[in-house]
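Below are some notes to read with the model open beside you.

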Amino acid sequence: MKFSIDFNGITELFSSAQDSGRNFLYEYEVYSLLKYSGAETPPKCSFIPRGSRPSDDEFNAIPGDKAVLKIVSPTIIHKTEVGGVKIVQKESSRIRSAVRRMLYEVPENYAAWIERSEKNRAASPPEYKDLTGEALIAAISRDLKGVLQVQFMPPDSSAFGNELIVGLRCTREFGTVLSAGLGGTDTELYGQRFRKGQAIVAGSTELNDGNSFFQMFKKTISYIKLAGLSRGQRRIVTDEQLIECFDAFISLANYYSPTRSDAPFVIEELEINPFAFTDYLMVPLDGMCRFSLPSQKKNSRPIYKIDNLLHPETIGIIGVSSTRKNFGRIILDNILTEGFPSDKVVVIGTPINKPIQNSSADKIQSSSNIKIQSPSDHKNAKIELSSDSKANVDINVVSDLKSLTDKLDLFIVAVSAAQVSDIVEQVIELDAAKSVMLISGGMGETEESKERARNVIEKIYLSHGDRKGNGGPVFIGANCMGVISRPGGYDTWFIPEEKLPKERIKYSNDRNSHFHRAALISQSGAFMLHRTHQFPQLRPAYMISMGNQTDLTLGDMVHYFKDSDKVDVIAIYAEGFNDFDGLELCKGIHHAVLSGKEVVFYKAGRTPEGKAATSGHTASLAGDYMVCENCVRQAGAIVARNFTEFQELFFLAENLSQKKIRGNRLAAVSSAGFEAVGMADSIQSDDFTMELARFEDKTKKRIKQILEAKKLTSFVTLTNPLDINPAADDEAHAEITAALVDDSNVDAIVLSIAPLSPSIKTLDDRQLPMYDMNDAGSILNRITNLVSKSDTPIVTVVDGGRLYEPLRDVLMDNGIPVFTVCDRAIAAISLYIQGRLAADAIRGGHGI
């Protein structure tokens with residue numbers, strides 16, 4: 001779209017307003033901004049300053065038979081509600097009369113509105129909140145600057161949906177966001193009452209152009225109305241006009257962007273509500289704009305050092321107790337138990353010559369039994385590790401950071417929060433480590449600890465500005481549960497092995513084959529802990545607890561993994577973002593998707609109540625969920641709607657990332673009638689739409705032959721979903737599924753295995769061969785063999801109690817997704833397929 005924007009003229013508008021002590025534009029200045037931006041039809045207008053006496057010629061200079069009069073005040077945003085908008089005949093006497101009336105009535109109306117309720121008073125400008133009665137009216141009156149006379153341009157229609165809101169908003173997390181949708185005085189009501197994405201859509205201006213944003217906008221009721229696609233409507237605007245409008249707003253946003261280093265100003269908010277339409281002209285009827293000066297650019301983090309964090313050759317740890325199982329001691333146990341070379345580990349500042357006190361020595365033996373054996377000078381101290389095999393292993397001990405002989409790749413800080421600031425200062429000053437893990441809590445989660453956190457953040461920030469020292473170390477945490485890096489060969493979670501037994505693959509070349517090529521990045525360590533414990537089949541190579549994001553952020557970690565050759569799937573749990581890190585996260589997701597990776601995302605703090613809860617946990621500050629979801633989805637991530645769905649989507653991604661997704665046509669098979677009905681009912685929602693595949697004739701013929709051979713023809717109707725009757729045996733289930741795999745009209749299959757059916761082998765009991773799932777001809781072995789040979793995604797349902805856990809476990813251990821209820825299976829595979837197809841579109845140049 002070709003149009004010219006006069007950025008010099010717009011910058012002069014902002015400069016003029018700033019010189020007069022304002023950080024906002026008056027409505028008539030917004031119309032000038034629109035004119036400079038290339039908008040086709042800003043209305044003609046004239047500002048009537050308070051106390052001035054315009055001539056008749058000045059009143060009559062504005063075209064039309066009528067005049068629109070609007071109050072001008074920096075404190076009154078919603079003018080209509082307080083009598084601040086009037087339409088009169090364009091006669092000098094009527095205009096003068098209306099102006100005088102407005103200058104007196106508007107303060108009275110606005111004061112009455114403020115005093116009507118505590119809610120209204122809370123929403124009023126700060127300078128009015130403590131005023132009442134005549135004092136309040138006088139204050140409002142003093143702020144009136146005058147009245148704006150605007151050209152009256154009658155819209156083609158006043159019907160519902162014929163007004164459009166378009167706005168820019170600078171968000172702390174995602175930079176500038178463009179939104180568009182149903183406009184007018186009830187736009188907020190529309191947003192609350194209509195289903196998600198129908199009233200209004202939003203997206204990052206840095207991740208969209210006019211056309212890509214228009215593709216989102218086409219799904220709204222607003223577009224359906226404007227384009228005349230509903231009964232009784234006619235088109236009142238062209239697609240090209242809308243795309244040009246969106247392009248202009250995006251260009252303005254990106255020029256006056258908080259992330260642009262040389263931006264002269266930053267647009268904090270620019271809103272036109274509404275655009276009306278007159279004879280295929282877009283006419284702005286009201287507008288507002290706030291701006292600010294750009295902030296100083298921050299020092300960049302040396303995120304390449306994340307590699308030292310995740311794949312260290314040396315590890316140091318401070319805070320290890322020799323007398324009890326404190327966090328530092330548990331972390332040391334887990335590092336060594338995972339198989340990290342003991343001669344590459346050093347303990348800093350451990351008290352020596354103190355025997356371990358533990359009431360359960362035998363339990364200590366199950367992990368590692370560490371004893372201090374060292375000379376009294378502490379200089380060449382050793383910690384003796386007595387492992388399960390009773391072989392003694394020495395761990396180096398030094399008294400302090402100054403005593404280190406070599407720079408550490410990873411330094412773990414497991415001390416109290418009060419000690420962290422001094423230790424951070426020492427690490428930076430001595431250049432003692434390339435990466436630092438801050439386990440300690442009490443670093444910004446509460447109001448009392450925020451000053452402590454700010455002190456630490458400032459020290460880290462200054463170190464990144466030291467280019468001579470390569471930007472200092474990178475820090476993960478604080479309030480961090482630790483990291484498990486299978487490729488790095490270490491585990492720093494502070495959960496004892498007795499509480500959380502783990503699959504330990506010792507430090508060797510084949511250790512990575514036991515885990516998926518996936519990374520789980522979680523702001524909450526507890527979330528990650530509980531999800532993986534509840535769903536042990538999730539076996540990502542990396543599990544990273546980000547904590548408070550004192551330094552390294554979610555966006556940093558995604559940017560690191562987007563280029564990793566060790567990861568195909570990235571899963572992210574977020575509670576809040578540092579400044580503009582939501583945008584960086586989306587950029588990282590986008591590049592990861594372009595590189596062929598899959599990304600699964602969940603955002604907590606989606607409701608006002610949830611947002612308040614995350615602020616008290618490890619989130620910096622929760623952002624607006626609609627903006628977050630839209631931006632992340634546009635970047636190419638698959639967005640989960642709840643905890644359970646997140647772990648299911650992550651498991652699907654881990655196991656189906658190498659399967660081919662050709663479309664959204666689903667085949668569903670069950671031997672229980674209620675499941676067939678339930679699966680048919682579950683293929684559509686606000687978040688996804690699947691189609692039931694139409695089977696090819698050859699597939700119908702093949703299934704019919706299978707049913708005839710099993711004497712099931714009289715019980716089964718060939719439809720999709722396919723109810724194959726409880727009498728269908730293991731072979732029938734597997735052969736019908738194989739027929740669907742070979743059907744070119746089928747893109748994915750959901751197979752429900754009714755475990756209580758007497759016809760199939762679903763019990764882990766070799767004493768009952770007729771039900772034994774370990775039998776060579778069982779559905780377990782047949783479907784495992786089929787899945788290993790097929791590139792079509794197959795997920796299963798085993799809807800039964802604890803008796804059938806072994807069947808579910810073995811299926812999942814073989815990489816076959818299993819669900820306990822059919823509707824969850826349909827929802828998960830549908831969201832997964834929709835996400836994969838959207839990612840393919842991005843890779844094909846049809847996305848961002």
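1. Let me start with a loop residue. Asp 431 sits in the loop between helix 14 (417-430) and strand 18 (433-438); helices (H or I, at least four residues) and strands (E, at least two) are DSSP runs, numbered from the N terminus. Its phi is near 50°, a positive value in a residue other than glycine. At 34% relative accessibility, Asp 431 counts as partly exposed; buried means under 20% relative accessible area, exposed over 50%, and partly exposed in between (1.4 Å probe, protein chains only).

2. A word on the ground rules. This is a predicted model, in which local features need pLDDT of at least 70 and side-chain atom pairs count only at pLDDT 80 or more, while totals for chains, interfaces and linings use all residues. Residues are numbered from 1 along each chain as its sequence is written, and side-chain values use heavy atoms, with hydrogens and water left out.

3. Now the overall picture. The protein chain has 27 helices and 32 strands, and 55% of its 848 residues count as buried. Among contacts in the protein chain with a separation of 6 or more, 71% are between residues 24 or more positions apart; contact means heavy atoms within 4.5 Å.

4. Asp 279 also has a positive phi, near 50°. Asp 279 belongs to the loop between strand 9 (266-278) and strand 10 (281-284), and is exposed, with a relative accessible area of 60%. For background, most residues other than glycine have a negative phi, and most peptide bonds are trans.

5. Which peptide bonds are worth a look for being cis? One joins Gly 477 and Ala 478, with omega about 0°; Ala 478 lies in the loop between strand 19 (474-477) and strand 20 (483-485). Another runs from Asn 720 to Pro 721, with omega near 5°, and Pro 721 is in the loop between helix 23 (697-709) and strand 29 (722-723).

6. Leaving aside neighbours within four places in sequence, the contacts of Ile 544 include Leu 310, Ile 476, Val 483, Met 528, Met 557 and Phe 561.

7. Helix 12 (residues 327-337) is largely enclosed by the rest of the structure, because ten of its eleven residues are buried. Arg 329, Asp 333 and Asn 334 are among those buried residues. Just after helix 12, Gly 339 takes a positive phi of about 110°.

8. How many aromatic pairs are there? The count comes to 28, taking rings of Phe, Tyr and Trp (its six-membered ring) as paired if their centres lie within 6.5 Å, with planes under 30 degrees apart stacked, over 60 edge-to-face and the rest tilted. Tyr 26 and Tyr 28 are stacked, because their ring centres are 5.9 Å apart and their planes at 15°. Phe 217 and Phe 246 are edge-to-face, at 5.4 Å centre to centre and 70° between the planes. This pair links distant parts of the chain, with Phe 217 in helix 8 (residues 210-217) and Phe 246 in helix 10 (residues 239-255), 29 residues apart. Phe 217 is buried at 0% relative accessible area, and Phe 246 is buried at 0% as well.

9. Finally, please look at Ser 759, in the loop between strand 30 (748-752) and helix 25 (779-789). Ser 759 is partly exposed, with a relative accessible area of 25%. The backbone oxygen of Pro 726 lies 3.1 Å from a polar atom of the Ser 759 side chain, and that side chain reaches the backbone oxygen of Ala 727 at 3.4 Å. The C-alpha atoms of Ser 759 and Asp 730, 29 residues apart along the chain, are separated by 7.3 Å.

Terms used:
Polar contact = N/O pair within 3.5 Å; in protein donor to acceptor, adjacent residues only side chain to side chain.
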